[in-house]
Each structure stands twice: as C-alpha cells, then as structure tokens.
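Student: I would like to learn how to read a protein structure feature by feature. Could we work through one together?

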Amino acid sequence: GASPEGRQRQGTACLSPLPGVSAGNGCGHTLLTPHSGTLSSKNYPGTYPNHTMCCWRLQAPPGTSLLLAFGDVDLEPSEHCAHSSLLLADPQTGTAYGPYCRNFVPAAPLLVTNSSTVTVLFNSTSHRSGRGLLLSYATSQHPGTEGSIPWNQGHPWDIPDPPLTMCFSVYCPAGCKDIHGDIWGNPSQGYRDTSVLCKAAVHAGVIADELGGQVTLSREKGITLYEAAFANGLHSKRGSLSEKRLVFHKVCCLLSPACDDVLEVVAFNASSWWHEVDALGQDRAWVAKRAALSTTGHSWAAEPGAEAAWLELDLGTRRNVTGIITKGSSEQHDYYVTSYHVSSSRDGKNWRPYRGSSGQEDKVFEGNADSQGEVSNAFIPPIIARYVR
C-alpha cells in the first residue's frame, strides 16, 4: 500500500547547515546543485547501516518547484515505517510526504511538489535487509522538453520503444557518474540499450556530471560487439550483441554533422623535448610534432625531470573545440600521461585555464592508465580558441 501524500505535518524538517548540503552519518553518494541532483543512502545498493541518519536540503531557484524521482526506496518494513524511513517535507508550508519504507512505498515514481525547498530525511534503526534509497531531482524548468520521457536513475532506463533512429529527449540530473550500474559501448559505436542511460551520457561526453542536462538520443539497431572505453572519468564494459543500442547526439551535430570532425593542427610546440640516446648510441628526438595521435613510432615527450611541462597545439584559426583524445607512446616503451590540465588562448599570449562546467577551479582531466588505449575527455562547455595547451 501507499501512505497518504502531501499531509500537513508540523515539525518534520531536520536541521541542515545550508541549502544543497547533506548532513549525517547515513549519507551516501550525493551531488546537489540548484537545478538538479542525485542522493543516496550510505552503502547503496548494499545494505544500509544501522542507527544512521542523513538530511538533505534541496533548494531550487525562486519561482520554480522541485520534481523528485524515486529511483529506489528499499527500507526494511515496519509498522508506520517506525524503524527505518524516508520522509520528505516542505518547511515553508509544513507539507510532508511519507514516511516511506518497503510496506509504504511512494504512490508514483515521480513526485511533483509546489515548493522550491524540500528537506529529505532518512533514518535507520536496527535492521537485517534493505538496499536503502536513491533519489534524483530537477526543477520545474528542467524536466525535459515537450515530449521527453520521465527520468529515473535507479535502474537501466525503461525507455518507450520509439521507431528505430527516431530521436527523443530526456533530462539527466547531476550526479549520474557515480550511481550503481554498468554501461557497455563507447561514443563512436553507441551503447547497449541495457546500459544506465544517464551514466552512458556522461561517458559519451554529451553532459557534464557536475550539472546534468538535456540529452538527445536515438534507439538504433544493435551491433555484434561493443568495445570498452575509458572516457570522461568512466569505464565502460565490453559487451556482446544486443537487439538495440543507444546513440547520443550533440545538438550541434543535429544541425551540422561536422562538429565532431577531428581538427587539423597547423603546428605543435612544447616546453621542452627529450633528446634520447639509446643503448646503441643512436639518437631519437621526441619532438613536439610527433604528438599527433596518428603518428607511428615514438611520440612527444618532455625533457626528463622537466617541471610543468606543456604541449601546445596551434589550430591556425579560432575553432570550437569539443574534446580531446590522448594516447601513450607504445614503441618499446610504456610511457603515458595519467592526468593533465588544459588552457587556451586566442592570440598565443594570454592564456585561460579550463575550469569546466563548475567554474570553481582548474579542471584536472583523467588521462591514460596504459600506453595502448585511447582516452577521450569532453569540454563542456566547449573551448573557442586558436591555441590549446
């Protein structure tokens, strides 16, 4: 059965220091932004711990209301959910939703509130079982465009079956990257339709995990084998044939297919380069121009021991740069770059560090873990520049 929705209840708010902040020893993966977010209990989807609590205070911009999607509410049942419970409250009006547990579940997977502020309170006592909870939220101005399907991150998405290759749209809240679930495939091939959709969208580089956003995709005929890839901080799995696959589309690509073309580099420059003399006394120059991804043999490398080494790409004119692909040098060596910063310039003199969608601090990109595989990272928002360093 379902508990009454929207009851008037006084004193059901919990104390949380600031909007967008979680408090308590029962908090799991949490990412809260003014426009969307994801939250879960500790250990989810493993059993949540005994005698814990967590309070999340969700705050949307003035004039908007919050929409909450129940991905999973699996708390051990008890009479009136007295032992472990989920309670949602609007402190402005005193309206409460819940308490919820396994024998009193939400009446619908999507809760549309009339408030810009909602407090989410999770409590547990002694129990034996239960995955805990997983919730996502967005504001009324970001539920998706007209015709979008409802969003939910709890399980691989149950997508309505549109005609093959027909584009449709969904909204993915912030915090998709670290939720439980697997993805199979890569940006170039597409993804098995059993993949967790929003997590695949982050891997494909069409949204930034820090902000979430609208996703446009199509469901197309499946392929024999999906190759694994590491992209945007996520590993996908290698998977076999599926009947259908998910293909993500960047808006610009719907208007101009050339936006994902590889940009031509007019010239390479570097802070230094390695002049190697091998065991046979032969010279080998690891110069900047060898940094192109398609170069056979050895690559570029900075002088050994060099501090703050950099590689610079001159694109010849200002271009819209949507991402970067890196690979190590595999010829007789196991050399690769594990992480890096990016900066850009329009004139080659004044440089701006890339800070990504959060804009708070310089973004550190995860690079390669071996010298063989390619790793891609998306720039969201894109970089408009002639020089990239």
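Predicted model: local features only at pLDDT ≥ 70, side-chain atom pairs only at ≥ 80, totals over all residues.

Student: How many disulfides does the structure hold?

Tutor: A disulfide is called when two cysteine sulfur atoms lie within 2.5 Å. By that cut-off the structure holds three. In one of them, C27 and C54 have their sulfur atoms 1.9 Å apart. C27 belongs to strand β3 and C54 to strand β5 (residues 53–59), so this pair ties together parts that are 27 residues apart in sequence. Both C27 and C54 are buried.

Student: Which cysteines does C81 and its neighbourhood bring in; what is the partner of C81?

Tutor: The partner is C101, with the sulfur atoms 2.2 Å apart. C81 sits in the loop between β6 and β7, and C101 in the loop between β8 (95–100) and β9, so parts 20 residues apart in sequence are tied together. C81 is buried, and so is C101.

Student: To what is C172 joined?

Tutor: A disulfide joins C172 to C198, S to S 2.2 Å. C172 lies in strand β12 and C198 in helix α1, so the pair ties together parts that are 26 residues apart in sequence. C172 and C198 are both buried.

Student: What does the torsion about the S-S bond tell me about C172 and C198?

Tutor: The torsion gives the handedness. For C172 and C198 it is about -90°, so this disulfide is left-handed. The link of C81 and C101, with -80°, is left-handed. The link of C27 and C54, with 95°, is right-handed.

Student: Next, salt bridges. How many are there?

Tutor: Side chains of opposite charge can pair when their charged atoms come close. The rule used here asks for a side-chain nitrogen of Lys or Arg within 4 Å of a carboxyl oxygen of Asp or Glu. The count comes to 14 salt bridges. One of them is between D72 and R131, whose closest N and O atoms are 2.7 Å apart. D72 is in strand β6 (residues 66–74) and R131 in the loop between β10 (117–123) and β11 (132–139), so the pair links distant parts of the chain, 59 residues apart.

Student: Are D72 and R131 buried or partly exposed?

Tutor: D72 counts as buried at 7% relative accessibility, while R131 counts as partly exposed at 34%. D72 and R131 also belong to a network of salt bridges that links them with D74 and R102.

Student: Where do R386 and D314 lie?

Tutor: The side chains of R386 and D314 meet in a salt bridge, 2.8 Å from N to O. R386 lies in strand β29 (residues 375–388) and D314 in strand β24 (residues 311–326), so the pair ties together parts that are 72 residues apart in sequence. R386 counts as partly exposed at 27% relative accessibility, and D314 counts as buried at 11%.

Student: What does the side chain of E76 reach?

Tutor: Look for polar atoms. The side chain of E76 reaches the backbone nitrogen of R128 at 2.8 Å. A polar atom of the E76 side chain also lies 3.2 Å from the backbone nitrogen of S129. E76 itself is in the loop between β6 and β7 (85–90) and counts as buried at 17% relative accessibility. Among the residues E76 touches are Y48, C101 and R102.

How values were computed: Residues numbered from 1 in each chain as written. Heavy atoms only, no water. Helix = DSSP H or I, 4+ residues; strand = E, 2+ residues; numbered from the N terminus. Buried < 20%, exposed > 50% of the residue type's maximum accessible area, 1.4 Å probe, protein only. Contact = heavy atoms within 4.5 Å. Polar contact = N/O pair within 3.5 Å; in protein donor to acceptor, adjacent residues only side chain to side chain. Lists of a residue's contacts leave out its neighbours within four places in sequence.
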